[in-house]
Amino acid sequence: MRIAAFGTGYVGLVSGTCFAELGNHVIGYDIDEKKIAALKNGHIPIYEPGLEELVKSNVESGRLTFTTDIKAAIKDVKVIFLGVGTPSAPDGSADLQYLFAAADAIVKNVKHEVVVATKSTVPVGTADKLRAIFKKTKVKIHVASNPEFLREGAAVKDFLNPERVIVGVDDDKLKPIFEQLYKGVARVERPLIFTSVRSAELAKYACNAFLATKISFINEIAALCEVVDADIHQIAYGMGLDTRIGSRFLHAGIGYGGSCFPKDVRALQHITRENGLTPGLLDAVDEINERQKGLLLRKLAHHLPKLKDKTIAVWGITFKPRTDDTRESPALTIIPKLLEAGARVQAYDPKGMSEARHQLPKETLFCAHAFDALKGADALLLLTEWDEFRTVDLNEVRGLMKGRILLDGRNIYNRQDATKAGLTYAGIGVSG
């Protein structure tokens with residue numbers, strides 16, 4: 001099938017490339033000329049394991065091309081997927097300006113009947129607004145919702161081996177199109193599920209908000225553990241064995257971040273209020289997460305009451321491992337606070353430093369290697385659970401540091417191992 005993928009960011013590029021891998025002819029369209037030029041030259045704008053290889057192989061096969069020419073992008077395509085950004089507006093709602101701009105561009109250039117499917121996360125009722133825009137042309141444009149459920153760091157795997165695919169259609173005649181598109185990945189155990197368009201629009205928010213709720217819940221229990229001398233590891237393990245709950249997302253830490261959970265929780269709060277309801281649980285989820293970002297700073301203040309002229313090593317800047325995405329990362333809150341207090345920050349991240357240079361104060365010192373960040377440090381703050389941090393020799397860590405404080409924001413180290421190495425250890429949800 002010939003399809004167009006609007007937007008060559010995280011959602012659009014991964015989805016378009018994977019559709020090409022499934023045998024479709026895909027045209028990636030973007031208004032960013034530099035990004036398209038880079039893609040044509042084999043340069044991928046995001047870090048996502050396995051994506052670069054798939055882009056290269058599908059470009060070489062001729063199934064994947066890129067353009068800034070919208071007429072060329074939509075010529076003879078059967079489906080246009082909208083994967084443009086929908087960031088948070090100041091009031092927490094989803095900013096749909098890029099989505100509607102894409103819709104306006106389609107109206108001005110479309111010459112044949114086509115299906116437009118939203119891949120971007122959009123509020124309930126967005127399809128109705130798109131239909132209103134598409135009425136400006138006499139060409140028949142169908143609207144569907146096909147939300148993505150891709151984890152950064154595992155997006156290619158998630159697309160090609162999905163737990164489920166949700167497609168919202170209000171016209172059953174559209175179902176065969178999506179059945180053909182997903183026949184390469186849909187199975188009995190990972191079904192293609194058809195819903196109404198509005199149900200599909202809300203499903204993505206519901207899933208992300210629930211997962212964010214699990215994270216904030218376990219962090220709330222972790223705070224209680226530290227007061228009553230309980231161990232969050234043991235509690236989370238026991239909870240996770242309950243099949244009604246499950247173990248995933250029951251990991252105490254310094255809060256969630258990224259491109260989805262924060263903005264989707266806020267957008268769902270906004271949608272709920274917009275419809276005359278009070279999002280009490282979601283308000284609490286968001287509040288706990290914001291509070292959690294400052295937890296390591298409070299722990300650090302206990303060990304180092306005065307940060308002026310102290311050197312703090314920071315390991316991890318991205319919101320999670322296996323991505324270069326720093327959006328809403330706790331590090332973007334923690335590092336500026338350290339600098340404001342007069343500390344010197346020596347930071348390292350395997351993939352996120354290039355992006356972070358544009359988001360963190362210029363006083364931040366970025367290091368070429370994890371151990372470089374430790375030299376002369378009075379304390380080490382672990383903010384992202386990259387695998388390379390898990391396997392370090394803690395004796396070597398202690399030897400490079402001036403001080404001995406290790407604050408583990410992701411609970412990847414064992415207290416006994418850290419203590420044996422001569423470090424003063426504090427994790428999340430464990431007393432001491």
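**Helices and a sheet**

Reply: Happy to! Helix α5 passes helix α6 in a right-handed crossing. Keep in mind that this is a predicted model.

Me: At what angle do α5 and α6 pack?

Reply: Helix α5 covers residues 97–109 and α6 covers residues 126–134. Angles under 35 degrees count as roughly parallel, so α5 is roughly parallel to α6. Their axes lie 9 Å apart, and the packing angle is about 30°.

Me: How many nonpolar residues does the contact of α5 with α6 have?

Reply: On the α5 side the contact includes Leu99, Phe100 and Ile106, and on the α6 side Leu130, Ile133 and Phe134 are among the residues. By class, there are one polar and two charged residues, and the number of nonpolar ones is eight.

Me: Which strands stand at the edges of the six-stranded sheet?

Reply: The sheet is open, with parallel pairing and the order β11-β10-β9-β12-β13-β14. Each edge strand has a single partner, so one side of it is left without a neighbour in the sheet. Those strands are β11 (365–366) and β14 (424–426).

Me: What is the bridge partner of Leu381 in β13?

Reply: Strand β12 spans residues 379–382, and it pairs in the parallel sense with β13, residues 405–408, over four bridges. In β13, the partner of Leu381 is Leu407.

Me: Which helix packs on the sheet touching β9, β12, β13 and β14?

Reply: Helix α14 (residues 331–340) lies across β9, β10 and β12. The helix that touches β9, β12, β13 and β14 makes about 160° with the direction of β13. That helix, residues 295–303, is α13.

Definitions and conventions:
Residues numbered from 1 in each chain as written. Predicted model: local features only at pLDDT ≥ 70, side-chain atom pairs only at ≥ 80, totals over all residues. Heavy atoms only, no water. Pairing = 2+ DSSP bridges. Helix = DSSP H or I, 4+ residues; strand = E, 2+ residues; numbered from the N terminus. Contact = heavy atoms within 4.5 Å. Axes fitted to C-alpha atoms, helices over the stretch in contact; angles between N-to-C directions. Parallel < 35°, antiparallel > 145°, perpendicular 65-115°, else oblique. Left-handed = near helix turned anticlockwise from the far one by under 90°. Nonpolar A, V, L, I, M, F, W, Y, C, P; charged D, E, K, R; others polar.
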